[in-house]
Every structure is written in structure tokens, then in C-alpha cells.
Amino acid sequence: MYNIGVKNALNNIYQLLFKEFGNRHWWPADTRDEIIIGAILTQNVSWRNVKIAIDNLKSENLLNLKSIHQADISSIAPLIKPTRFYNVKARRLKNFTDYMFGKYSGNLDDTFNQSYVALREELLGVKGLGAETVDSILLYAGGKLTFVVDAYTMRILPRLGIGNDKWKYTDYQKVFMENIKPDLELYKDFHAQIVHLGNLICKGKNPICEDCPLKTTCKFRK
DNA sequence: GCCCAGGGGGCTC
DNA sequence: GAGCCCCATGGG
């Protein structure tokens, strides 16, 4: 799915968003461990709540993978309550550390030293990590060139004439990866821009978004 | 009180 | 392989 129309549209969309919002500096974290933990905690919950959980973990010195690996689920779960599904998510955090300490002795450099394709498959095999979580980890913590697709992406792109309700995660991911410049910083910021826009105005209820910087592009406005 | 949110697993057919 | 329920907090 490569054509000059899509390529121009995506570039145009990014330029409009960047002009409106500036560089989003995403992912907000001090360490790779924190990015990975945040990627799991943010599943189906707003970043506001994740932030609270992150701070809770930090205050108990649990905001790193080694400590998570050594801790019991029962001591992690209460700290991440604000992110909903806290028991499930505590298990998922430990699923990741079990995998990483089991296979790579807890060494993140070794983990991310694997090829993109092999590592992505491997991570998808960890219970509790789906495509969006895995791609977030690979892109923001691992520096791998993979585009992160989320619910906002799939809601907004069709309005701009790209995709439809039949498209799946992979279809959206491909359209980005085949049509935008293969640049790590662009991948990071483009996804961040879409999320920011989605948080502001595209909740999916009202199709007419008066404040949307993309309104000249949006099919709902024509 | 009610609705829904930046996801993923598991079951059913 | 799509469709549905489960998980179970917090803000509007």
C-alpha cells in the first residue's frame, strides 16, 4: 500500500500536528525500565493514572525491572491500583521480567541486541503483551524502528481518508512504515502527536472537531 | 448512579 | 478468526 497520495497525506498530517503542538518529547521516562513498566501499565487507561502508579512504584524503589523481578505480585499490585486491572497488570510485569531475566539474565542491552523481527515475535509471546505494548517497548525503549498504532490512530486515520473499519492493527502499521521516512524520532513523535490529538478532541463521539488542527484535511469536514 | 477509558486473554461458535 | 465477556479504578 504505497502511493504518493498517502505519502503526501501522512507527511501533511504530521506537519500540521507538529506545527500545532511542537515536539511531544514522548516517552516521558528517565530509564528504559520505566518505559517498559509504563507501557504495560498504560494498557486501557489514561496516562494520568499511570503517572500515579509510576510514582507509587518509585517511592517503594520498585520502578526498575530487577526489583519487580524480585518482588511478589502482592506487593506490586496495591501500588498500581490506579491503572485498573492491577492484579492482571502486576502479573504481566512479572511475565516480562521472568522472560527477560530467564533468557537474557536481566540485561536489556542483550535483549534489544536481537533483530527487530525476532525480538518482536519473542515479546508477542510473553503473556499480556500485545502488538501495541510490544511496539511501544521496541520503539521507545529499544530504539527499534516500528510504528505504534493505538485506538486513536485507528479512529482518526479513516477520517483523513486512510483506512476503514475493516483495517486491522497491522494494516495501519504498514501504511505508516511504507510511507513515512524511516526515522526513529519521527516514529516516536508521530505516534505521540496522534495520541495527544486523540486525548484533546477525537473521543469518537462528536465527528465535528472545531479545534482540530487537521480539520482542513478531515473527510468529516467536507 | 452511570458511563467509559491509549489493552489483552480466553472462550465460543 | 470474529465476536463477546472478563479484568475492576477513577473522573466526568
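I count two residues as in contact if their C-beta atoms, placed from the backbone, lie within 7 Å. I take helices (H or I, at least four residues) and strands (E, at least two) as DSSP runs, numbered from the N terminus.

The model is predicted: local features need pLDDT of at least 70, side-chain atom pairs count only at pLDDT 80 or more, and totals for chains, interfaces and linings use all residues. Residues are numbered from 1 along each chain as its sequence is written, while chains are lettered from A and ligands numbered from 1 in the order in which they are written.

**Helix 2.** I looked up helix 2 (residues 32-41) and found seven of its 10 residues buried (20 or more other C-beta atoms within 10 Å of the residue's own; exposed means 12 or fewer, partly exposed in between; C-beta atoms are placed from the backbone). Among them are Arg32, Ile36 and Leu41. Their cover includes helix 3 (47-59), helix 6 (86-104) and helix 9 (131-141).

**DNA strand B.** I then turned to the 21 residues around DNA strand B, where "near" means a C-beta atom, placed from the backbone, within 6 Å. Gln43, Asn44, Trp47, Gly130 and Thr133 come nearest. Helix 9, helix 10 (151-156) and helix 12 (184-200) each give two or more residues to this surface. Helix 9 gives the most, with three.

**Backbone.** I checked Asn44 again, in the loop between helix 2 and helix 3. Its phi is near 55 degrees, positive in a residue other than glycine. Asn44 is exposed, with 9 other C-beta atoms within 10 Å. Phe85 also has a positive phi, about 45 degrees. I noted a cis peptide bond between Trp26 and Trp27, with omega about 25 degrees.
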